[in-house]
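Welcome! Please open the structure in your viewer and follow along, one selection at a time.

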Amino acid sequence: MAATFTVLGVLIAALAFARDVFDWRVGPEATTSSAPPTGVAVVDPTGSTGPGSARPAASPPQTVRLDTLQVEAGSANLTKLPRQLADRPEYERAIVVGCPTNAGADKQRDVAFRLQRRFLDLNATVHPYFASPEDRESAVIVYAQVAIHKTDGTVSRLTRGQQFEARMSDPRELVADVEGADELILRVQCEAPGGSVVFTGATVTRG
């Protein structure tokens with residue numbers, strides 16, 4: 001029995017020694033870390049240097065209501081909003097141009113607004129209005145022209161936008177590039193006399 005205990009003790013001691021030697025030789029398993037060493041700068045491959053480096057969001061272009069600009073010519077062609085439309089919110093601050101009579105030289109009506117080369121784009125919706133039931137499907141056409149005053153005293157007049165055959169049942173959008181223009185001219189032609197061409201949401205973007 002004593003010999004057995006002696007052998008067992010030697011075996012336990014040998015195992016303990018082997019464990020200590022193994023731990024000393026192998027050691028705890030090395031751990032890997034993605035963190036850089038202290039003091040080493042991290043370079044972001046995207047080129048960003050942090051939250052503070054983000055570019056500020058571009059602000060939307062400032063719009064100016066066309067009815068706030070000075071009328072250079074054709075103020076006599078402006079008229080009141082038809083009474084039947086006066087209480088409708090979508091026609092608030094509308095610009096209204098009376099249709100020509102289509103008699104003699106009165107084939108079109110122009111209204112010019114002062115821009116002074118301060119604006120870039122025109123946007124508006126064209127709504128024809130005819131009180132007479134038989135004219136309700138009559139078409140109107142609107143041209144957006146610009147006047148550019150040259151240094152030699154001449155004026156260049158160019159068509160920058162055209163709206164095709166708007167009707168009471170089919171309003172149309174009018175969009176035009178007015179960059180570099182001294183004036184904006186809205187030219188109105190009507191298939192039938194006695195009506196009105198109503199511009200709603202008429203704005204120009206500031207350059």
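Before the first stop, a word on terms: helices (H or I, at least four residues) and strands (E, at least two) are DSSP runs, numbered from the N terminus, and two strands pair if DSSP finds at least two bridges between them. This is a predicted model, in which local features need pLDDT of at least 70, side-chain atom pairs count only at pLDDT 80 or more, and totals for chains, interfaces and linings use all residues. Residues are numbered from 1 along each chain as its sequence is written, and side-chain values use heavy atoms, with hydrogens and water left out.

Start by selecting β6, residues 140-149. Eight of its 10 residues are buried, where buried means under 20% relative accessible area with a 1.4 Å probe, counting protein chains only.

Now click on Val-142: it stands opposite Val-188 in β9 and opposite Gln-163 in β7.

Follow the chain through the hairpin of β6 and β7, where five residues lie between the strands. Stop at Gly-153, which has a positive phi near 95°.

Finish at β2, which pairs with β4 (residues 109-114) over two bridges in the antiparallel sense. Here Ala-73 stands opposite Ala-112 in β4.

How values were computed: Buried means under 20% relative accessible area, exposed over 50%, partly exposed in between (1.4 Å probe, protein chains only).
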